[in-house]
Amino acid sequence: MAYGLLSAVSFAAYAAFAHGLRTPAFVALGVATGVGALLSLPVLGLHGEKVLALGPAQWGAVAYLVTLGTVVPFGLFLLGVRTLPARTATLVAMLEPLSGALFAWPLAGEPLRPEALLGGGMILGGVWLNRR
Amino acid sequence: MALAALLWGLGGALAGRFMREIPPEVLIPLRFLLSFLLLLPLVLARPPHPDERRRLLGVGLALSGAQAFYYLAIHATTVATGIFLQYLAPSSSPSTPSSRGRGFPGGPFLGWGSPSWGPTSWWWGPRGFGEGL
């Protein structure tokens, strides 16, 4: 629970720090991931054998998470947050669980339940209420 | 911004199958390192302005925290809990303009309250998105 809350606060800080940046979005993301790499490299060094044990499917998942799960969406987020207020940016980013559920239906065979539809409707409603 | 959310959602749906196979102490550093290496040519080609270096350090620390804690939350609980808790971020954001003297944005209170509770409904569903992932 604490990890999740710290993640939320960090994400809000990320949006607030990034608002109005003049540095190109993907350059800013490069610097930001560089900071992350620098901080986490010692951990990776301690678990080198686990990296070597990864199979092709796991490497495929890592490749997806790096490109279409990190570089492209976080770059797009930084592009958006340059002009949008941080609060609006984080709200639009809340479409993630909605798109996640929609994709999980065909990809993972998870049906959309009434509770999920209600939650998705509330998300869309909130984003709409915050439009400028 | 919406496309970013769409890609994150697709990533969440696909990564659900693999996340349990790759421990967070491997996934988090690998994700940062490979993303950095991919973007390094851009950083070298257009180095950030010196005036923004401190702010970029803040962006980097915040991004590192968001991603690391997100995966640690998923590892400690479930993907659903991690996603749900991260979507409390908009509730944290209004404190930033307030601290800058722009006042608390009371008007859109319902606007960010509703999406904060939306994932809650999602999460609490007996076999909704949360359990599925």
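Reader: Why is A:Leu41 called partly exposed?

Author: A:Leu41 has 14 C-beta neighbours inside 10 Å. A residue is buried if 20 or more other C-beta atoms, placed from the backbone, lie within 10 Å of its own, exposed if 12 or fewer do, and partly exposed in between. The count of 14 falls in between, so A:Leu41 is partly exposed. This is a predicted model, in which local features need pLDDT of at least 70 and side-chain atom pairs count only at pLDDT 80 or more, while totals for chains, interfaces and linings use all residues. Residues are numbered from 1 along each chain as its sequence is written, and chains are lettered from A and ligands numbered from 1 in the order in which they are written.

Reader: Where is A:Leu41 found, and which residues is A:Leu41 in contact with?

Author: A:Leu41 is found in helix H2 of chain A; helices (H or I, at least four residues) and strands (E, at least two) are DSSP runs, numbered from the N terminus. Leaving aside neighbours within four places in sequence, A:Leu41 is in contact with B:Pro29 and B:Leu33, where contact means that the two C-beta atoms, placed from the backbone, lie within 7 Å.

Reader: What makes A:Val35 count as buried?

Author: A:Val35 has 20 C-beta neighbours inside 10 Å and therefore counts as buried. A:Val35 also lies in helix H2 of chain A, residues 25-46. Apart from residues up to four places away in sequence, A:Val35 touches B:Leu57, B:Gly60, B:Leu61 and B:Ser64.

Reader: What is found for helix H2 of chain B, residues 24-45?

Author: H2(B) also has 22 residues, which should span 32 Å, and the separation of its end C-alpha atoms is 32 Å, so here too there is agreement. H2(B) has a kink of about 45 degrees at B:Leu39, shortly before the proline B:Pro41. Among the buried residues of H2(B) are B:Val26, B:Pro29, B:Phe36 and B:Leu39.

Reader: Where is H4(A) kinked?

Author: The kink, of about 30 degrees, is centred on A:Leu65. H4(A), residues 56-81, has 26 residues and reaches 35 Å from its first C-alpha to its last, close to the expected 38 Å.

Reader: Why does B:Ala62 count as buried?

Author: B:Ala62 has 22 C-beta neighbours inside 10 Å, and therefore counts as buried. B:Ala62 is placed in helix H3 of chain B, residues 53-76, and touches A:Ser10, A:Ala13, A:Tyr14 and A:Phe17, not counting residues up to four places away in sequence.

Reader: Which members of the largest nonpolar core touch the most other members?

Author: They are A:Tyr14, A:Ala28, A:Phe77 and B:Val59, out of 62 residues. Helix H1 of chain A, residues 2-18, gives the most to this core, with 11 residues. A nonpolar core is a set of buried Ala, Val, Leu, Ile, Met, Phe, Trp, Tyr and Cys residues joined through C-beta atoms within 7 Å. Setting aside residues up to four places away in sequence, B:Val59 touches A:Tyr14, A:Phe17, A:Ala18, A:Ala28 and A:Ala32.

Reader: How many helices and strands does each chain have?

Author: Chain A comes to seven helices and zero strands, and chain B has eight helices and zero strands. Buried residues make up 53% of the 132 residues in chain A and 52% of the 133 residues of chain B.

Reader: What is the predictor's confidence in each chain?

Author: pLDDT is the predictor's confidence in each residue, from 0 to 100. Chain A has a mean of 79, with 89% of its residues at 70 or more. Chain B averages 67, and 47% of its residues score at least 70. Over residues 94-133 of chain B the pLDDT is below 50, although this stretch has 91 contacts in the model beyond near neighbours in sequence. Where pLDDT is low, the predicted coordinates should not be read in detail. For the complex, the predictor gives an ipTM of 0.75 and a pTM of 0.69.

Terms used:
Expected span 1.5 Å × (residues − 1). Bend = angle between axes of the 7 residues up to and from the residue.
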